[in-house]
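Welcome! Take a moment to look over the chain below, and then we will walk through its fold and some of its charged side chains.

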Amino acid sequence: MTERRGLTPLQLDALREVGNIGSGNAAVALSTMVDKKVLLSVPRASLVPLVKVSDLVGGAETPVVGVYLHISGDASGSMLLLLAESSAEELAHLMVSSGGEDELTTVEQSALQETGSILAGSYLNALSQMTGILLRPSVPGFAMDMAGAIIDFILVEISQSEDYVLVIETEFDIMQHKIKGHLILFPDLGSLDIILGRLGVSG
């Protein structure tokens, strides 16, 4: 069943606040990790139809880098940090001060994987604190492929998914270089209502 869904103003504000808190904590951790000032901002938070996720990076055929992990606890699902391949390469080169080769080195891949882990963990912690929902992230995986293939892989890993995903746009600012990414929460069936039911509700 596919139905049109949207976020109420309260839910949208709460989701954006979760993103801001999570990105603030992640920025501190990333700055320490790479010994450089890393700034993170959240231009937008939204609810996106599952079938439109690939469009965030230019379509299903777009080469991307993904850092993905599973979520367990009171609500379950998967989380994906999705970066266009060129953005991922630029981010990795800046973080580890490499020579800027086109191919990602093992060290750069590890840095991106750790970045995704920190960002997702910070976001889930902020979401847990705001909603009271226990969310436990797994050890992250790393993939380089077309956007459609990575998303299909995630959907195979979870038994039943919602028709909508939560998307936190994330902008990295390192040494005056701005790089855009998307942090995407794929809720298991039933988990979206649990999360949205708590967002925007005070007390």
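Here is a short briefing on this structure, which is a predicted model. The chain holds five helices and eight strands. A search of the whole structure turns up four salt bridges, and some of them are described below.

**Overall build**
- Starting at the N terminus, the elements follow the order α-β-β-β-β-α-α-β-β-α-β-β-α.
- A compact globule of 203 residues would have a radius of gyration near 17 Å, and the chain agrees with this at 16 Å.
- Along the principal axes, the C-alpha atoms fill a box of roughly 50 × 35 × 25 Å.
- Of contacts between residues at least 6 apart in sequence, 76% join residues at least 24 apart.

**Surface and charge**
- Buried residues make up 51% of the 203 in the chain.
- The chain exposes about 9500 Å², with carbon and sulfur atoms supplying 51% of that area.
- There are 11 positive and 25 negative charges, and their mean positions lie 10 Å apart.

**A salt-bridge network**
- Arg44, Glu169 and Lys180 are linked in a network of salt bridges.
- Glu169 and Arg44 have their closest N and O atoms 2.9 Å apart. This pair links distant parts of the chain, 125 residues apart: Glu169 is in strand β7, and Arg44 is in the loop between β1 and β2.
- Glu169 also meets Lys180 in a salt bridge, at 4.0 Å from N to O. Lys180 lies in strand β8, so this pair ties together parts eleven residues apart in sequence.
- Glu169 is buried at 9% relative accessible area, whereas Arg44 is partly exposed at 46% and Lys180 is partly exposed at 44%.

**Another pair**
- Asp173 and Lys178 form a salt bridge, with 2.8 Å between the closest N and O atoms.
- Asp173 is buried at 16% relative accessibility, while Lys178 is exposed at 54%.

Definitions and conventions:
Residues numbered from 1 in each chain as written. Predicted model: local features only at pLDDT ≥ 70, side-chain atom pairs only at ≥ 80, totals over all residues. Heavy atoms only, no water. Helix = DSSP H or I, 4+ residues; strand = E, 2+ residues; numbered from the N terminus. Rg over C-alpha atoms; globule rule 2.2 N^0.38 Å. Buried < 20%, exposed > 50% of the residue type's maximum accessible area, 1.4 Å probe, protein only. Contact = heavy atoms within 4.5 Å. Areas by Shrake-Rupley, 256 points an atom, 1.4 Å probe, with all protein chains shown as cover. Lys, Arg positive; Asp, Glu negative; His and termini not counted. Charge placed at Lys NZ, Arg CZ, Asp CG, Glu CD. Salt bridge = Lys/Arg side-chain N within 4 Å of Asp/Glu carboxyl O.
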